[in-house]
Amino acid sequence: MYTITTSENVKADFFILRKGENAGKPVKKETPNSFKVVVNQEVLNPEYFFYVVKNAFNTGQFKRELIGGAIKFLTIKGAKAGIKNSTM
């Protein structure tokens, strides 16, 4: 249904910030330190999925997935877990 990647050869539907206090926040424009999200548009509307991720961020689902010391960051595995937790 969707893929989260850091590959530069992929055209993303939207992006997820991966470092700092806003880790997990979905954004429309690419920024440094963000994951690319590619949605299978035959199965899922990218705009709808953007708001699913936004809801996960707003309800703190990514906070428990953050790792690191001084600067917290989100892994791809953590991003997927946060999204899954918000939809259950």
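**Exercise 1.** Which residue in β4 is the bridge partner of Leu17?

*Solution.* Keep in mind that this is a predicted model. Start with β2, which covers residues 14-17. Next, look across to strand β4, residues 34-39, which runs antiparallel to β2 and is joined to it by 4 bridges. Within β4, Ser34 is the partner of Leu17.

**Exercise 2.** Find the residue of β3 that stands opposite Phe15.

*Solution.* Opposite Phe15 you will find Val27.

**Exercise 3.** Decide whether the two faces of β2 are covered or open.

*Solution.* Begin with a general point: side chains in a regular strand alternate between the two faces of the sheet. Now sort the residues of β2: Phe14 and Ile16 are on one side, while Phe15 and Leu17 are on the other. These residues are all buried, and both faces are covered.

**Exercise 4.** Locate the salt bridges and describe how exposed their residues are.

*Solution.* The count is 2 salt bridges. In one of them, the side chains of Lys28 and Glu47 meet at 2.8 Å, N to O. Lys28 sits in the loop between β3 and β4 and Glu47 in helix α1 (residues 46-58), so this pair ties together parts 19 residues apart in sequence. Lys28 is partly exposed at 43% relative accessibility, and Glu47 is partly exposed at 39%.

Another salt bridge joins the side chains of Lys36 and Glu30, at 4.0 Å, N to O. Here Lys36 counts as buried at 8% relative accessibility, whereas Glu30 is exposed at 52%.

How values were computed: Residues are numbered from 1 along each chain as its sequence is written. This is a predicted model: local features need pLDDT of at least 70, side-chain atom pairs count only at pLDDT 80 or more; totals for chains, interfaces and linings use all residues. Side-chain values use heavy atoms; hydrogens and water are left out. Buried means under 20% relative accessible area, exposed over 50%, partly exposed in between (1.4 Å probe, protein chains only). Two strands pair if DSSP finds at least two bridges between them.
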